[in-house]
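Dear colleague,

Please find below the structure that I am handing over to you. My notes on what was found in it follow directly after it.

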Amino acid sequence: MSAPALPGWEHVYSGKVRDLYRPAGEHPDGDVVLVVASDRISAYDHVLPTPIPGKGEVLTRLSLWWFDQLADIVPNHLVSTDVPAQVAGRAMVCRRLEMFPVECVARGYLTGSGMTEYRQTQAVCGVPLPPGLVEAARLPEPIFTPARKAEVGDHDENITFAAVAEMLGQERAAELRDLTLAVYARAAEVAARSGIIVADTKLEFGLGADGTVVLGDEVLTPDSSRFWPTDGYTPGRVQPSFDKQFVRDWLTSPDSGWDRESVPPPLPDHVVQRTRERYLEAAERLIG
């Protein structure tokens with residue numbers, strides 16, 4: 001699943017899901033990049049061999065919609081959706097940013113790696129939490145739980161706010177924390193109107209040429225967030241979610257025969273279809 005050749009653009013990088021291009025012939029430090037959301041899907045730090053048809057369009061559509069919802073809180077990197085026809089609907093021309101080496105995560109509910117850490121320390125990323133919280137419990141208030149970015153194939157590492165301050169300075173760390181929590185609060189409010197709980201979300205910020213902090217990458221998609229249906233929400237158990245849970249469940253089942261170390265096996269058709277339906281349902285609930 002190599003990145004497609006695009007007229008007028010030169011491929012420079014591929015991540016787990018996205019492909020980045022710069023204008024052909026332009027200096028590597030030019031002003032804009034083309035960000036293409038592929039249909040690739042990753043799980044357990046592996047890019048899987050089977051794509052999810054239409055996934056890239058869903059991620060792009062949701063990100064564009066959320067950029068509008070959040071425009072009064074933080075500027076974003078979008079320049080234009082005038083992109084090559086080959087990637088229409090799943091690509092954006094964006095401002096080049098100097099990205100911060102931190103995943104900015106906000107959690108309103110306890111699950112995933114947060115739940116694992118809480119069971120060990122009764123805290124998440126150094127933030128102490130009340131005793132007795134169960135899986136999927138709503139937190140007293142949303143918390144900032146950053147992570148250090150990892151290379152493709154490696155795990156992001158949960159870190160404390162103090163570690164972010166040591167990396168970026170106290171003032172910048174506080175700015176990123178406050179922006180992250182403000183974005184999460186708006187997202188939780190907006191999504192609730194569509195019957196969706198935003199359990200947590202991961203954001204990425206960078207510096208624009210003028211020194212302004214800018215929201216980049218994708219935002220509030222099923223790849224970067226945990227979306228749960230409000231109806232049926234029950235603390236104390238793992239919640240159904242609008243994301244790649246079907247993929248994770250199949251990969252960890254005896255049916256897959258996968259050891260989580262070797263090359264992942266192809267996904268069966270029914271897992272691909274059910275995953276695609278969940279991504280589409282998240283977009284339809286939110287956007288209509």
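Is L215 buried or exposed? L215 is buried, with a relative accessible area of 1%; buried stands for under 20% relative accessible area, exposed for over 50%, and partly exposed for the range in between, with a 1.4 Å probe and protein chains only.

Two remarks on the source are needed before the rest. This is a predicted model, in which local features need pLDDT of at least 70 and side-chain atom pairs count only at pLDDT 80 or more, while totals for chains, interfaces and linings use all residues. Residues are numbered from 1 along each chain as its sequence is written, and side-chain values use heavy atoms, with hydrogens and water left out.

**The surroundings of L215**

L215 belongs to strand β16. Helices (H or I, at least four residues) and strands (E, at least two) are DSSP runs, numbered from the N terminus. Leaving out residues up to four places away in sequence, L215 touches F67, L70, V74, P75, N76, H77, L203, E204 and F205, where contact means heavy atoms within 4.5 Å. S256 is 41 residues from L215 along the chain, and the C-alpha atoms of the two are separated by 37 Å.

**Two residues of helix α1**

Helix α1 covers residues 55-70, and T60 lies in it. T60 has a relative accessible area of 4% and is therefore buried. When residues up to four places away in sequence are not counted, T60 touches A37, G89, R90, A91 and M92.

L64 also lies in helix α1. With a relative accessibility of 23%, L64 counts as partly exposed. Apart from neighbours within four places in sequence, L64 is in contact with L78, T81 and M92. L64 and M92 are 28 residues apart along the chain, and their C-alpha atoms are separated by 8.8 Å.

**How the helices pack**

How do the axes of α1 and α6 cross? Helix α6 comprises residues 269-287; its axis and that of α1 come within 10 Å and cross at roughly 25 degrees. Axes are lines fitted to C-alpha atoms, for helices over the stretch in contact, and angles run from 0 to 180 degrees between N-to-C directions. The angle makes α1 roughly parallel to α6, because angles under 35 degrees count as roughly parallel, over 145 as roughly antiparallel, 65 to 115 as roughly perpendicular and the rest as oblique. The crossing in which α1 passes α6 is left-handed; a crossing has this name if the near helix is turned anticlockwise from the far one by less than a right angle, and is right-handed if clockwise.

On the α1 side, K55, V58, L59, R61, L62, W65 and W66 meet Y279, L280, A283, L286 and I287 of α6. The residues of this contact divide into ten nonpolar, no polar and two charged. Here Ala, Val, Leu, Ile, Met, Phe, Trp, Tyr, Cys and Pro count as nonpolar, Asp, Glu, Lys and Arg as charged, and the others, Gly among them, as polar.

A second pair consists of helix α3 (residues 161-168) and helix α4 (residues 170-192), whose axes come within 7 Å and cross at roughly 130 degrees. This angle makes α3 oblique to α4. The crossing of α3 and α4 is right-handed. In α3, F161, V164, A165 and L168 meet Q170, R172, A173, A174, L176 and R177 in α4. Seven nonpolar residues, one polar and two charged form the contact of α3 with α4.

**Cysteines**

How many disulfides does a search of the whole structure find? The search finds zero disulfides, a disulfide being a pair of cysteine sulfur atoms within 2.5 Å. C94 is buried at 0% relative accessibility, and C104 is buried at 1%.

**Positive phi values**

A136 is not a glycine, yet it has a positive phi of about 70 degrees. A136 is found in the loop between β11 (127-128) and β12 (138-144), and at 0% relative accessibility A136 is buried. L220, another residue other than glycine, has a positive phi near 55 degrees. L220 lies in the loop between β16 (213-216) and β17 (225-229) and is buried, with a relative accessible area of 0%.

Yours sincerely
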